[in-house]
Amino acid sequence: MTYHPKSDFLRVMIERGFLADCTDYQALDEALVEGVVPAYIGFDATAQSLHVGSLIQIMMLRWLQRTGHKPIVLMGGGTTKVGDPSFRAYERPLLTPDMIEENIAGIKKVFAAYVTFGEGETDALMLNNAEWLDDLNYLDFLRDIGRHFSVNRMLSFESVKSRLDREQSLSFLEFNYMILQAYDFLELNRRYGCRLQMGGSDQWGNIVNGIDLTRRVLDHEIFGLTSPLLTTSDGKKMGKSQDGAVWLNPDMRRPYDFWQFWRNTDDADVGRFLKLYTELPLDECERLGALDGAEINDAKVRLANEVTTLAHGADAAAAAEATAREVFEKGGIGDDLPTLSLSSEDIGDGISVVQLIVRAGLAKSGKDAKRLIADNGAKLDDAPLVDAGLVFHTEDLGQARKLSAGKKRHALVVLKD
């Protein structure tokens, strides 16, 4: 990227690695210098929390506000009823209105940690596109909005083309998604003066559609900006871990497990992730990312602390680090490990160690747990666990027992009072 911006926001996007593409760098830069630019990112409500894969977009909104502009968090209460087909092999399962509302309530909790909401000029807004999509008149919408879209052009977008090239079904419902997203940008511009849509690079076609529609209908100049689709250095998609999605809500992913995800970052990703997911100065990110040998572990702890502090607060980060040091450096139990609490009724006449491993979240199934034991990957109280037939009774759990899967995943099993 050779463009040298005047605005703080565009400079941060370029320097820290957030920027994949922009519809007009110079015009957007000038708008950002001239005054407050409202900008939005849309989030469909397909689960009760966002996960780490959305964190790059959340950080973009945070930086937008920090550099003097207005973030708009658009919840897809309307578009979730359709489902975004972008780069998906199959149609998303349809959710009921109640499920969507429940998901939105969960997702709202994430954003309070990253942006400030309110009535001020640069305070964030949280909106729901059901506000304008739910009451659309189909015939009016076709006549006023649909006439601006070329099916030939829509078929050329990579997100659609890749589905059709693989001869995988694309429903008419999904095909309408890009029109609805374009209409979102039009309505946000008309109602709230929104001038910029941001998103992952897979959203480029949808963003351009919204810009074209708004120019045609309102003759307003608006912009699009995309971030790269991130993978880890080993090619894995961000947001996934060995034991599933890395959710941002603490009730779906404990802060300790969240901290551990970042602590386990590959050496090659540390510098890049510090720039994207923390607010440390660039020179400090580069210094930490350049460490090697045992020192890179200190950089990973710093990364885990900074990201966890943003998401869950400084106390949660400190507790996670203290537990990790107790478990890994001193061989202890630690106060903040994931805990499986069992009652006497749960244990009954006995509960197998395989069941405990699965219920503690260290394996997805009994088969996986048995394989873990057979491969010498399981430990009980830091000693190798070799007997998959081991059974625990109530008296065996008079004190907390520590289960481990590999070197980095641990859980406590305790008996309820």
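Select D29 and show its contacts (heavy atoms within 4.5 Å). Leaving aside residues up to four places away in sequence, D29 touches Y3, P5, K6, S7 and L10. The model is predicted: local features need pLDDT of at least 70 and side-chain atom pairs pLDDT 80 or more, while totals for chains, interfaces and linings use all residues. Residues are numbered from 1 along each chain as its sequence is written, and side-chain values use heavy atoms, without hydrogens and water.

Stay on D29, which lies in helix α2 (residues 25-34). Helices (H or I, at least four residues) and strands (E, at least two) are DSSP runs, numbered from the N terminus. D29 counts as buried because its relative accessibility is 2%; buried means under 20% relative accessible area, exposed over 50%, and partly exposed in between, with a 1.4 Å probe and protein chains only.

Next, select strand β3 (residues 70-75). Six of its six residues are buried, so β3 is largely enclosed by the rest of the structure. In a regular strand, side chains alternate between the two faces of the sheet. K70, I72 and L74 point one way from β3, and P71, V73 and M75 point the other way.

Pairing requires at least two DSSP bridges between two strands. Select G42 to find one of them: its bridge partner in β3 is L74.

Last, select L142, in helix α6. At 40% relative accessibility, L142 counts as partly exposed.
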